Amino acid sequence: MSKVEKIEIPDEVYEEDRDFIVDCPDSLRSFRKKQHAGCFNEEETAKKEAELAACDAEEAAAIAVGNHCQVVVVGLPTTIGTVMYVGTVDFKPGHWVGVKYASWET
């Protein structure tokens with residue numbers, strides 16, 4: 001995680017208050033809205049989400065509870081564990097894999 005504090009501009013302020021933009025009459029956001037590009041292209045966004053969901057479900061189906069696995073996190077040592085849960089959760093979209101880390105302590 002970055003130690004630099006993130007500054008967020010509320011959408012209402014960003015959409016209405018252009019005084020903070022000196023030499024730019026339109027923002028990238030307004031350009032993308034006008035062009036129906038990126039996240040403002042609802043049809044394309046829905047298509048990508050459906051493709052990702054299908055791929056996500058296919059990958060999750062290949063993982064079984066009880067399988068042993070390696071958990072690799074950048075900057076941390078690789079950890080070995082056992083898959084305890086595969087499926088969806090209420091708090092985030094997509095399929096999740098719950099892993100119980102192996103304990104090497106005696």
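Trainee: Which residues does UniProt list for "domain: CAP-Gly"?

Mentor: The UniProt record, an unreviewed entry, lists residues 77-101. Its positions use the numbering here, feature names are shortened, and annotations may be inferred rather than shown by experiment. Residues are numbered from 1 along each chain as its sequence is written. This is a predicted model: local features need pLDDT of at least 70, side-chain atom pairs count only at pLDDT 80 or more, totals for chains, interfaces and linings use all residues, and side-chain values use heavy atoms, with hydrogens and water left out.

Trainee: How much helix and strand over residues 77-101?

Mentor: 0% helix and 68% strand. The end C-alpha atoms are 12 Å apart. Helices (H or I, at least four residues) and strands (E, at least two) are DSSP runs, numbered from the N terminus.

Trainee: In which sense do S2 and S3 pair?

Mentor: Antiparallel, over 7 bridges. Strands pair if DSSP finds at least two bridges between them. S3 covers residues 95-101, and S2 covers residues 79-88. Val-83 has Val-99 in S3 as its bridge partner.

Trainee: And what about S1 and S2?

Mentor: S1 (residues 68-71) pairs with S2 over 4 bridges, also antiparallel. Gln-70 stands opposite Ile-80 there.

Trainee: Which residue has a positive phi in the hairpin of S2 and S3?

Mentor: Gly-94, with phi near 95 degrees. That hairpin has 6 residues between the strands.

Trainee: New topic. How many aromatic pairs in the whole structure?

Mentor: The search finds 1. Phe-91 and Trp-96 have ring centres 5.6 Å apart and planes at 55 degrees, so the pair is tilted. Rings of Phe, Tyr and Trp (its six-membered ring) pair if their centres lie within 6.5 Å; planes under 30 degrees apart count as stacked, over 60 as edge-to-face and the rest as tilted.

Trainee: Is Phe-91 buried or exposed?

Mentor: Exposed, at 62% relative accessibility. Trp-96 is partly exposed, at 34%. Buried means under 20% relative accessible area, exposed over 50%, partly exposed in between (1.4 Å probe, protein chains only).

Trainee: Which residues form the nonpolar patch?

Mentor: Met-84, Tyr-85, Phe-91 and Trp-96, with about 450 Å² of accessible area together. Patch residues have over 30% relative accessible area and no salt bridge; like charges are joined within 9 Å, nonpolar side chains (Val, Leu, Ile, Met, Phe, Trp, Tyr) within 5 Å. A salt bridge is a side-chain nitrogen of Lys or Arg within 4 Å of a carboxyl oxygen of Asp or Glu. Areas come from the Shrake-Rupley method with a 1.4 Å probe; for residues, only the protein chains shown count as cover.

Trainee: How far apart are Ala-60 and Trp-96?

Mentor: 36 residues in sequence, but 7.7 Å in space, C-alpha to C-alpha. Ala-60 lies in helix H3 (residues 42-61). Ala-60 is buried, at 10%. Trp-96 lies in S3.
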